[in-house]
Each structure stands twice: as structure tokens, then as C-alpha cells.
Amino acid sequence: MTSSRLIIGKITAAHGVRGELTVFPLTDDARRFLKLKNAFLCDENSDKEEPCTVKSARIDRDRVLLKLEGCEDRNKAETYKGRFLSVDREDAVKLKEGAFFIEDLKGLKVIDDARGALGTVKDVYKSGPKYIVMISRSGKQDLLVPFAKEILYNIDVESGIINARLPEGLYELYEV
């Protein structure tokens, strides 16, 4: 089931004294924030959403500095710390064929050719230059798998399945 909104960033701090927010982008291209006008403030599960209007955005190294309408000082900006920014799916960037949003991978069943069902995708996150897929396993430690075409070779969002070929030894690391 796909949600109607996509989380695109996490507010990590206030920046300066004029109400600017420091946002950690949860997208592969932070420049997308530069065109952002309408968004929603929400928690991680997209609950308690409230609409917001972006007045300005700029890139600062690996983060985005954002100014929201109605957020005019540091005290107000501090109240947003820990919240997330989301956008309506129809306002999100258009994807190329074969591409997908990370949000759409969450909950998909991962099936390994040799071991069968491994579990479901709990999260996908960036670690250095690479992405890692966190697979939740019933009664066991989460399995962390590199997001690589050689390993996760078939992703079918419609059917809810990811086919995998884990490298030798990876699965066994989590079975100790």
C-alpha cells in the first residue's frame, strides 16, 4: 500500500536567530528542496500533519537550510526539531521508468533464491556513498543488505516482492 505523501527530510535543528531550519534530506538530490513551495510537517509515521509553505531554501554542504512561512525566530524554529517534512505524492519529483521511492519499498517481502523468505523491508538508509536495506525478521536480528542490483536483482513494488541473491557469508553473519 502506498501512502499519499512522501517524507523528504528531517528537521534536525534551528539555524541562526531568524527562524531558519536545518533539514537532513531524505532524498537522493537535495536540490529538489530549492523548488519546494508546499509541504507538510509531520512525525515519522506521517501522523499529525500540518501544511506549511516554504519561503526559501538553500543548500549548505550535506544539509538544507529552510525558511517556513510563520517561523520568524529561533524559538519557533526549535519547536520543529525532530519533525519531518513530507509532500503530496503528485507533487513529488517524477521518477524515471524502473525507479521508485524508498517509501514504496518499506513492507515489501524479501525472498532469497537460496534461503527463501528473509523478512520485510523495514527501512532503507544511506551509509557513506551506498544505500543499505534493513530487513526485519521475525524473532531475529534485522538483516542489513547493501542496496545493489547484483544482490536485490528484482524489485516488484506492485506484487510486494524483492528477489535477492545474498553474497556468500552475509546471511551467516546474522545467524551467530
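Is C42 buried or exposed? Buried: C42 has 0% relative accessibility. Buried here means under 20% relative accessible area, exposed over 50%, and partly exposed in between, with a 1.4 Å probe and protein chains only.

Before going on, the ground rules. This is a predicted model, where local features need pLDDT of at least 70 and side-chain atom pairs count only at pLDDT 80 or more, while totals for chains, interfaces and linings use all residues. Residues are numbered from 1 along each chain as its sequence is written, and side-chain values use heavy atoms, with hydrogens and water left out.

Staying with the cysteines. A disulfide is a pair of cysteine sulfur atoms within 2.5 Å. Searching the whole structure gives zero disulfides.

Now the strands. Helices (H or I, at least four residues) and strands (E, at least two) are DSSP runs, numbered from the N terminus. Two strands pair if DSSP finds at least two bridges between them.

Start with β1, residues 5-15. β1 runs antiparallel to β6, residues 84-88, and five bridges join them. R5 has D88 as its bridge partner in β6. β1 also pairs with β2, residues 20-25, antiparallel, over six bridges. Here A14 stands opposite L21. β1 and β2 make a hairpin with four residues between them. In that turn, G16 has a positive phi of about 75°.

Another positive phi: R61, near 60°, and R61 is not a glycine. Where is R61? In the loop between β4 (50-60) and β5 (63-68). R61 counts as exposed, with 68% relative accessibility.

Next, the six-stranded sheet. It is open, with mixed pairing, in the order β10-β9-β8-β7-β12-β11. The edges are β10 (140-146) and β11 (152-156); each has a single partner strand, so one side of each lacks a neighbour in the sheet. Neighbouring strands are turned by 35° against each other on average, direction ignored. For that angle, axes are lines fitted to C-alpha atoms, for helices over the stretch in contact, and angles run from 0 to 180 degrees between N-to-C directions.

Which residue of β8 is the bridge partner of V110? G119.
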